[in-house]
Amino acid sequence: MAVYTEPSDDELRDFLAEYAIGDALSCKGIAEGVENSNFLLVTTQGPFILTLYEKRVDPADLPFFLDLMQHLAGKGVGCPLPVNGKDGRALRTLAGRPAAIITFLTGMWPRKITVEHCRALGTALAALHVAGADFPHVRRNSLSLDGWRSLAASCVARADACEAGLAAAITTELAELEQAWPSELPVGVIHADLFPDNVFFQDAKLTGLIDFYFACTDALAYDLVICLNAWCFEPDGAFNATKARALMRAYVAVRPLNQAELAALPVLARGASLRFLLTRLYDWLNRVDGALVRVKDPLEYARKLRFHRQVRDAGEYGLD
Ligand SMILES: Nc1ncnc2c1ncn2[C@@H]1O[C@H](COP(=O)(O)OP(=O)(O)O)[C@@H](O)[C@H]1O
Ligand SMILES: N[C@@H](CCOP(=O)(O)O)C(=O)O
């Protein structure tokens, strides 16, 4: 559950008075998510999502995220739309945090991932990359090598409290990725956090994508391996080659990978594992007292990292 900031009734009333979205009927904290405080706001015009942006979101990046949703929705990608206030602005302040209201997306995220979900995801991810090709803004990925370096520096001294040997594993991996990280791959807008809880389905049909608050400009194939990690491993940690093949093949049917991208997949997958290992480890080591949030398991990503370290080529992910 993620509610870090709870606006008072007065703050909420004054905030909603800036919008023409009907009268508020209820506003309840949402029992999901990790990064921001989210509320289901129901007005006489229907449901909306109210988000207060928290620690990992730089307020200067918010126009990028909100414009991106607008751009993608305009190209037919299912995603929420920012709601403008009476003054035409989507972004304002609530309870001392940057805040926005976005439209409510119907559907549910899948609790039990199937091969069909992975196939639909591959198609949707490629469509997102194609639709983002002419998005005019650029946002550097703050959670790539530079970000991993500083996260690792702030975590390694205490990492072995999570698992013996974790500090050494992180240090070794980071040093190797510094050498091997590819720099010549096709880049564009990536979602960068397309986990199952950010993809909605209704009756087995993918209805849309949410949570664009890590979106940035980076290697498109990196986005694909983030999904590979998040969707193609079983709860017991086993890699599911059938799900991987479905995801990968659906993606390349819309946006083929070039030879450099194919060759880079195992290294990119290691980077994607280290990225989520480090943010989870940071959150695990710095748990916020009293926050309604479920801290995710860093070791899940330590195990995925170990898996990718022994992968030789993209064939093992279902691509020849
Ligand atoms: N536009 C939306 N439509 C419907 N539900 C949403 C929408 N945005 C967020 N949610 C709900 O809020 C939850 C948390 O949102 P998310 O953006 O993933 O939060 P966080 O950025 O904190 O991880 C989602 O799992 C979903 O239940
Ligand atoms: N997906 C990340 C955490 C970010 O949470 P989300 O609710 O924004 O998807 C992880 O699993 O570590």
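How many residues of domain 1 are in contact with how many residues of domain 2? The legends below start there. This is a predicted model, in which local features need pLDDT of at least 70 and side-chain atom pairs count only at pLDDT 80 or more, while totals for chains, interfaces and linings use all residues. Residues are numbered from 1 along each chain as its sequence is written, and chains are lettered from A and ligands numbered from 1 in the order in which they are written.

**View 1. Domain 1 against domain 2.** Here 19 residues of domain 1 are in contact with 19 residues of domain 2 (contact: C-beta atoms, placed from the backbone, within 7 Å). Helix H2 (residues 62–74) supplies seven residues, the largest share of the side of domain 1 that touches domain 2; helices are DSSP runs of H or I with at least four residues, numbered from the N terminus. By class, that side of domain 1 has 10 nonpolar, four polar and five charged residues (nonpolar: Ala, Val, Leu, Ile, Met, Phe, Trp, Tyr, Cys and Pro; charged: Asp, Glu, Lys and Arg; polar: the others, Gly among them). The domain assignment, automatic or from a database, gives domain 1 as 9–103 and domain 2 as 115–317. Taken over C-alpha atoms, the centres of the two domains are 26 Å apart.

**View 2. Helix H4 packed with helix H8.** H4 (residues 145–159) and H8 pack at about 50°, with axes 9 Å apart; axes are lines fitted to C-alpha atoms, for helices over the stretch in contact, and angles run from 0 to 180 degrees between N-to-C directions. That makes H4 oblique to H8 (under 35 degrees is roughly parallel, over 145 roughly antiparallel, 65 to 115 roughly perpendicular and the rest oblique). Look for Trp148, Leu151 and Cys155 among the H4 residues making the contact, and Leu278, Tyr282 and Leu285 among those of H8. The class count for this contact is 10 nonpolar, two polar and two charged residues.

**View 3. Helix H5 meeting helix H8.** The axes of H5 (residues 166–180) and H8 (residues 259–285) come within 11 Å and cross at roughly 140°, and H5 and H8 are therefore oblique to each other. Glu173, Leu174, Leu177 and Ala180 of H5 meet Val267, Arg270, Gly271 and Leu274 of H8. Five nonpolar, one polar and two charged residues make up this contact.

**View 4. Helix H3 beside helix H6.** With axes that come within 11 Å and cross at roughly 160°, H3 and H6 are therefore roughly antiparallel. Cys118, Leu121, Leu125 and His129 of H3 meet Leu220, Asp223, Leu224, Cys227 and Trp231 of H6.

Conventions
Two residues are in contact if their C-beta atoms, placed from the backbone, lie within 7 Å. Helices (H or I, at least four residues) and strands (E, at least two) are DSSP runs, numbered from the N terminus.
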